[in-house]
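Reader: Hey, I'm new to this. Can you walk me through this one?
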Amino acid sequence: MIQIDICSESGVTVRIITVLTITVLCNFTGNVSAETPTTTAQNGARWESVFVSNDAFASRELVVPQASSLPAGAGKRVAMTSEAYAGTQVHHMLYLPHDWNPNWQEQHQTWPVIVEYTGNFFPAAGSTGRVEDAQLGYGITGGQFIWVTLPFLSEDHSQNATTWWGDEQATVDYAKTQVPKICEQFGGDTSKVFLCGFSRGAIATNYIGLHDAEIAKLWCGLITHDHYDGEREWKGTTWGTPLEQYRNAAHQRLARLGNRPVLVCQNGGTDGIRTYLETQSSLEAFTFLNVKTSRILGEFPNSFAIHPHNDRWLTVDSPERREVWAWIYRVLQSAP
């Protein structure tokens with residue numbers, strides 16, 4: 001791995017990570033008992049053993065769980081419809097990790113949460129736009145967090161929108177309601193809720209996730225892969241063009257980030273995003289990870305994906321995935 005610190009014209013040091021080799025890690029075999037309240041030190045050891053020091057875990061190929069029937073339970077991924085949308089096709093996906101315990105309240109257990117927004121319906125890249133087909137959040141966390149894939153609500157609120165935002169405000173309100181509710185019902189740690197997204201979802205990380213101060217405060221860190229809010233113009237939309245107007249709005253959203261950490265991943269390199277962001281914000285909270293999906297997954301099409309623009313690259317071991325996991329561990333360590 002090569003880590004380069006570059007001083008921009010504004011004097012801000014930016015970290016760029018380009019991964020070239022795999023670091024040999026020490027194996028940590030300590031377990032945290034589910035029978036006693038979990039301390040901060042135990043949590044630190046737990047996440048170190050998952051994301052940093054356990055080479056056996058780090059080398060695993062991940063298999064994203066298929067949707068299964070209710071009720072929700074450990075190791076299951078289920079479709080959930082909120083009471084407010086009963087009788088419609090609006091739904092989100094909920095995955096509970098294998099160590100999830102229905103008696104979590106009595107045993108004082110909580111789990112970090114990762115919330116995800118999917119890409120657009122884009123058949124050329126194999127993207128369906130459906131919450132059922134998301135994979136990024138599972139790969140980012142190795143299946144160890146509560147994983148929630150949220151929908152974009154259609155204009156008539158009858159179903160999930162598979163292209164762009166649908167009803168923006170309804171989509172924002174859905175997240176504001178459902179994220180705290182899921183944490184309350186299933187033991188999500190509200191101080192350790194990450195937001196991530198692929199493609200459309202990468203833009204939504206800011207466009208929806210930083211839409212206003214209320215929703216922005218939900219997140220402890222943000223992860224984007226392929227695209228970034230404000231970087232380029234989106235012709236044919238009402239919100240992403242003209243570029244100057246779009247960037248002015250994106251700048252206002254970015255201001256709501258504060259000093260929370262952001263990991264920006266991009267197939268083919270992050271230079272374009274970094275150059276844009278240098279004109280918009282201090283980059284002290286940003287880490288940039290250059291990704292080459294063809295090196296990780298092989299030439300396309302293959303059994304993982306049909307196109308380099310995909311969210312599957314985190315399902316297999318790679319130096320890039322280990323960097324993502326190390327970033328997650330650092331954010332967990334710094335969270336309250």
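Author: Pro-242 sits in the loop between β9 (221–225) and α7 (243–255); helices (H or I, at least four residues) and strands (E, at least two) are DSSP runs, numbered from the N terminus.

Reader: What kind of peptide bond joins Thr-241 and Pro-242?
Author: A cis one, with omega at about -10°. Leu-70 and Pro-71 are also joined by a cis peptide bond, where omega is about 5°. Pro-71 is in the loop between β3 (67–68) and β4 (77–80).

Reader: Ok, and where do the positions come from?
Author: This is a predicted model: local features need pLDDT of at least 70, side-chain atom pairs count only at pLDDT 80 or more, and totals for chains, interfaces and linings use all residues. Residues are numbered from 1 along each chain as its sequence is written, and side-chain values use heavy atoms, leaving out hydrogens and water.

Reader: What's the average pLDDT of the chain?
Author: The average is 89, and 88% of the residues score at least 70. pLDDT is the predictor's confidence in each residue, from 0 to 100.

Reader: Where does pLDDT stay under 50?
Author: Over residues 18–37, with 40 contacts (heavy atoms within 4.5 Å) beyond four places in sequence. Residues 6–14 stay under 50 too, with 16 such contacts.

Reader: New topic: is His-227 buried or exposed?
Author: His-227 is buried, at 17% relative accessibility (buried is under 20% relative accessible area, exposed over 50%, partly exposed in between, with a 1.4 Å probe and protein chains only). This non-glycine residue has a positive phi, near 100°, and lies in the loop between β9 and α7.
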